[in-house]
Amino acid sequence: MDRDKLLSVKELTKVFRVGSLLFKKDLIAVNKVSFDIDKKEIFTLAGESGSGKSTFARMLLGLIKPTYGTILYKGIDITRIKSAKERLWFTKEVQPIFQDPFETFSPLNKVETYLYDTAINYGIAKSREDVYKIVEEKLNAVGLSLGEIQGRYPHELSGGQLQRVSIARALITEASLLVADEPVSMIDASLRMSIVNLFKELKEKFGLSVLYITHDLATAYYISDRIGVMLRGSIVELGPVEKVLSEPLHPYTQILKQSVPDPNPERQWEEDIQLSSFDIREFTITGCKFSSRCPSVMDICKEKEPNNISINGRVVKCHLYI
Ligand code: SF4
C-alpha cells in the first residue's frame, strides 16, 4: 500500500547528563527512535512514565534539541529550522494539545481572546468579521459555540471544554498534525471518550493526523491506526494497533495484552488501563532493557541490545525473532 508521509523521524536520540558534579553520567532518554506518520493517520506512542514519550514530544515540538537524528516534516528537517518565518510556519502546521488544559490558558484572560489572537497572529483572519466567523466555525467543529465561552475565564469552563478550545485553536491555524500528549488524563473520566472520539472525527472531516501520546492502552486501541510501544527510550514494537495489541510479539507488549479488552465497538472504555510501574534502574541495564522483567529472557539478552526485526508489517526489537 502506498503511504502518504507527513512526518518522518529517523534515529531520534536524546541524551541527558545527570548526577552530581563529580559523578555525571549519560541517561539516554530517547534512543534511536524511527517511525513515520502518514497524512490522515492517528499514530500512538504508548509507554509508561519514564519511557521517553514526552521527551520525544518536546523534541518534535522544538522545545528541546535532539542529541542526534532527524525529524522531517513535509520533507523539511525541523531540527535545522533557524529563521522566524520557518518557525512560524512550523508552529502553524504542528499544534500541541497539552495534558493540563488549565495550564494552557492564562487565568487572567478570557478564553475567547486566545482564539481571536490565533486567527489574527497567524494571518488567518483578514477582517474583524472574519475573526468571529472563523472562531465560531472552529468551535462548532469541536462541539462548542462562541456563545458558550464568550466572556468566560478558564476557571469558569470544565477541563473537557477547555481541551476542546485547545483543539479549536489547532483548527484555526489549519494545522496538519496535532501532538497530543496525554490529552485526556486530567479530564473527568466520563468525558474522556468524547474528546478521544473528537480526534477520530477531525481526522475524517479535516484529514488531520494525530500523534497521540498516552499510557492508556484502551483509548489507544480505540482511536489509533498504528502504535509504537516505548520502553526505556526505545520503540520495542510498532505496527497496526489491532495486530500489536491483539497478537503482540514482544514479551513486554504481551504482558500488556491482558490489560486490553477484546475489540468491541459497543464497549465504552470506562477505566484507564495502565502500563507497569517505572524503574529507573532499567535505563542502565546492558543489553535488552526488559531483561530483568522478561519471562523469556536468554543469556544473549543481558549482553547485547536487540536489533529491530521486521515481521509481517511490524517491527519488533527482541532477540526471540532473530
Ligand atoms: Fe525478553 Fe530477550 Fe526479547 Fe528482551 S530481547 S524482550 S529479554 S526475550
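## A salt bridge at arginine 80

Arginine 80 counts as exposed, because its relative accessibility is 62%. This residue belongs to a predicted model, and its side chain meets that of aspartate 77 in a salt bridge, with 3.2 Å from N to O. Aspartate 77, by contrast, has a relative accessible area of 14% and is therefore buried. Side chains of opposite charge can pair when their charged atoms come close.

## Overall form of the chain

The chain contains 11 helices and 12 strands. Its radius of gyration is 21 Å, close to the 20 Å that the globule rule gives for 322 residues, so the chain is as compact as a globular protein of that length. Taken along the principal axes, the C-alpha atoms fill a box of roughly 70 × 50 × 45 Å.

Of the 322 residues, 51% count as buried. The chain exposes about 15,800 Å², and carbon and sulfur atoms supply 51% of this area. Among contacts between residues at least 6 apart in sequence, 66% join residues at least 24 apart.

## Confidence of the prediction

The average pLDDT of the chain is 89, and 91% of the residues score at least 70. Residues 263-274 form a stretch over which pLDDT stays under 50. For this stretch the model has 24 contacts beyond four places in sequence.

## Further salt bridges

The whole structure holds 16 salt bridges. One of them is formed by the side chains of lysine 138 and glutamate 137, at 3.5 Å from N to O. Lysine 138 is buried because its relative accessibility is 10%, which is under the 20% cut-off. Glutamate 137, with a relative accessible area of 41%, is partly exposed.

Another salt bridge brings together the side chains of lysine 203 and aspartate 225, at 3.1 Å from N to O. This pair links distant parts of the chain, 22 residues apart: lysine 203 lies in helix α8 (residues 189-206), whereas aspartate 225 lies in the loop between α9 (217-223) and β9 (226-231). Lysine 203 has a relative accessible area of 11% and is therefore buried, while aspartate 225, at 29% relative accessibility, counts as partly exposed. Through salt bridges that share partners, Lys40, Lys203, Glu204 and Asp225 are joined into one network.

Isoleucine 167 is located in helix α7, which covers residues 159-172. Its relative accessibility is 0%, so isoleucine 167 counts as buried. Leaving aside residues up to four places away in sequence, isoleucine 167 touches Ile97, Val142, Leu178, Ile195, Leu198, Phe199 and Leu202.

A separation can also be given for isoleucine 167 and threonine 113. These two residues are 54 residues apart in sequence, and their C-alpha atoms are 15 Å apart in space.

## A nonpolar patch on the surface

Leu21, Leu22 and Phe23 form a nonpolar patch on the surface. Together the three residues have about 460 Å² of accessible area.

Leucine 21, one of the members of the patch, is placed in the loop between β1 (5-18) and β2 (25-38). Its relative accessibility is 78%, and because this is over the 50% cut-off, leucine 21 counts as exposed. Isoleucine 167, in contrast, is buried at 0% relative accessibility.

Conventions. Residues numbered from 1 in each chain as written. Predicted model: local features only at pLDDT ≥ 70, side-chain atom pairs only at ≥ 80, totals over all residues. Heavy atoms only, no water. Patch = residues over 30% accessible without salt bridge, like charges linked within 9 Å, V, L, I, M, F, W, Y side chains within 5 Å. Areas by Shrake-Rupley, 256 points an atom, 1.4 Å probe, with all protein chains shown as cover. Salt bridge = Lys/Arg side-chain N within 4 Å of Asp/Glu carboxyl O. Helix = DSSP H or I, 4+ residues; strand = E, 2+ residues; numbered from the N terminus. Buried < 20%, exposed > 50% of the residue type's maximum accessible area, 1.4 Å probe, protein only. Rg over C-alpha atoms; globule rule 2.2 N^0.38 Å. Contact = heavy atoms within 4.5 Å. pLDDT = per-residue confidence, 0-100.
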